[in-house]
Amino acid sequence: MTLLLKIHVEGFTEAAFAAHILRPYFEGMGCSITVVINKTSNAHGVTHRGGLSHYEQFRINTRWLLKNKNAVVTTMIDYYGLPADFPGMENIYDYPTSYERVRYLERMLDENISGEDIPDDNFIPYIQLHEFEALLFSDIAAIDKVLSVGRSSHCRELKDIRRNYEPEDINTRPESAPSKRLKHLYPRYSKTVEGILIAEKIGLADIRRQCPHFNEWLTELERVVAIKGMCAAEQR
């Protein structure tokens with residue numbers, strides 16, 4: 001039996017990243033990958049997906065994915081813009097750094113989703129610091145190479161940003177979030193197309209080297225996949 005890894009993502013950009021970048025990597029480890037975009041409503045018989053404006057619906061969706069006890073479920077959602085009812089949000093400023101806050105929120109999410117009935121290692125929460133585009137700042141040359149086609153180059157401005165921030169530290173203010181910085185420099189920047197092209201050009205190994213929290217997530221997934229993969233092999 002092949003181990004099933006379900007990646008529950010916030011929106012279409014994360015879904016494209018999971019499908020194009022993460023799927024080939026984990027399929028190479030013997031996993032079967034399913035990418036699920038968060039369902040936000042089901043009005044008039046039409047299912048709408050994408051976004052995370054209310055936590056309870058996200059919780060229901062994630063718990064539904066965990067009904068398959070043989071699957072490992074993980075998340076990929078942005079720290080930027082988490083709703084006020086997200087578990088632990090009322091206490092995040094007890095933690096001084098963004099890394100500490102996001103790790104705390106992941107623990108709270110794990111407690112809230114897993115409860116007492118989800119087996120250990122079946123749910124691996126991940127919250128992206130601060131949003132998907134932070135990963136792209138792992139290689140600003142790759143950003144400019146993709147986004148300067150038919151546009152002006154902004155290498156100097158990108159270097160200024162990296163001089164002041166590591167990719168995952170690029171901050172959360174609405175006007176200076178990673179995606180807003182790219183939109184400001186390259187006004188027609190497309191997240192789901194150009195964002196994925198940039199990520200492909202950088203490559204997973206370099207993103208992991210530049211983004212420690214992202215690397216911790218993949219390292220934990222690799223550990224769980226290795227353990228559960230061995231169990232699955234023994235059952236064949």
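Visitor: In this model, is cysteine 211 buried or exposed?
Guide: The model is predicted, and a residue counts as buried under 20% relative accessible area. Cysteine 211 has a relative accessibility of 0%. That places cysteine 211 in the class called buried.

Visitor: Which cysteine holds the sulfur closest to that of cysteine 211, and how many disulfides are counted?
Guide: The closest cysteine sulfur to that of cysteine 211 is in cysteine 155, 18 Å away. A disulfide needs two cysteine sulfur atoms within 2.5 Å, so 18 Å is too far for a bond. By this rule the number of disulfides is 0.

Visitor: Is cysteine 31 buried or exposed?
Guide: The cut-off for buried is under 20% relative accessible area. Cysteine 31 has 5% relative accessibility, and therefore counts as buried.

Visitor: What radius of gyration does the protein chain have, against that of a compact globule?
Guide: The chain holds 10 helices and 7 strands, and its C-alpha atoms fill a box of roughly 55 × 40 × 40 Å along the principal axes. Buried residues make up 49% of the 236 residues. For 236 residues, a compact globule would have a radius of gyration near 18 Å, and the chain agrees with its value of 18 Å.

Visitor: Which element supplies the largest share of the lining of the largest pocket?
Guide: This pocket has a volume of about 370 Å³. It is lined by 19 residues, of which Asp110, Phe123, Ile124, Pro125 and Glu220 are the closest to its centre. At least two lining residues each come from α3 (98-114), β6 (123-124) and α10 (212-234). The largest share, 5 residues, is that of α3.

Visitor: How many residues in the lining of the largest pocket are charged?
Guide: Sorted by class, the lining has 7 nonpolar and 4 polar residues. The charged residues in the lining number 8.

Visitor: Where do arginine 23 and glutamate 27 lie?
Guide: Their side chains meet in a salt bridge, at 4.0 Å from N to O. Arginine 23 is partly exposed at 26% relative accessibility, and glutamate 27 is partly exposed at 42%. The two are 4 residues apart, about one turn of the helix, and both lie in α1 (residues 12-27).

Visitor: How many residues apart are aspartate 117 and arginine 63?
Guide: The side chains of aspartate 117 and arginine 63 form a salt bridge of 2.7 Å, N to O. This pair links distant parts of the chain, with aspartate 117 in the loop between α3 and β6 and arginine 63 in helix α2 (residues 55-65). Aspartate 117 is partly exposed at 42% relative accessibility, as is arginine 63 at 25%.

Visitor: Are arginine 151 and glutamate 194 buried or exposed?
Guide: These two form a salt bridge, with their closest N and O atoms 3.1 Å apart. Arginine 151 sits in the loop between α5 (140-147) and α6 (155-164), and glutamate 194 in helix α8 (residues 191-202), 43 residues apart. With 18% relative accessibility for arginine 151 and 14% for glutamate 194, each counts as buried.

Visitor: Which residues are linked in a network of salt bridges?
Guide: The structure holds 13 salt bridges. A network of salt bridges links Arg156, Glu157, Asp160 and Arg163.

Notes: Residues are numbered from 1 along each chain as its sequence is written. This is a predicted model: local features need pLDDT of at least 70, side-chain atom pairs count only at pLDDT 80 or more; totals for chains, interfaces and linings use all residues. Side-chain values use heavy atoms; hydrogens and water are left out. On a 1 Å grid over the protein atoms alone, a cavity is a set of points where a 1.4 Å probe fits but cannot get out, and a pocket is an open set with protein on both sides within 12 Å along at least five of seven lines; lining residues have an atom within 4 Å of a point. Grid points are joined across faces, edges and corners, and a volume is the space filled by probe spheres set on the points. Ala, Val, Leu, Ile, Met, Phe, Trp, Tyr, Cys and Pro count as nonpolar, Asp, Glu, Lys and Arg as charged, and the others, Gly among them, as polar. Buried means under 20% relative accessible area, exposed over 50%, partly exposed in between (1.4 Å probe, protein chains only). The radius of gyration is taken over C-alpha atoms; the globule rule is 2.2 Å times the number of residues to the power 0.38.
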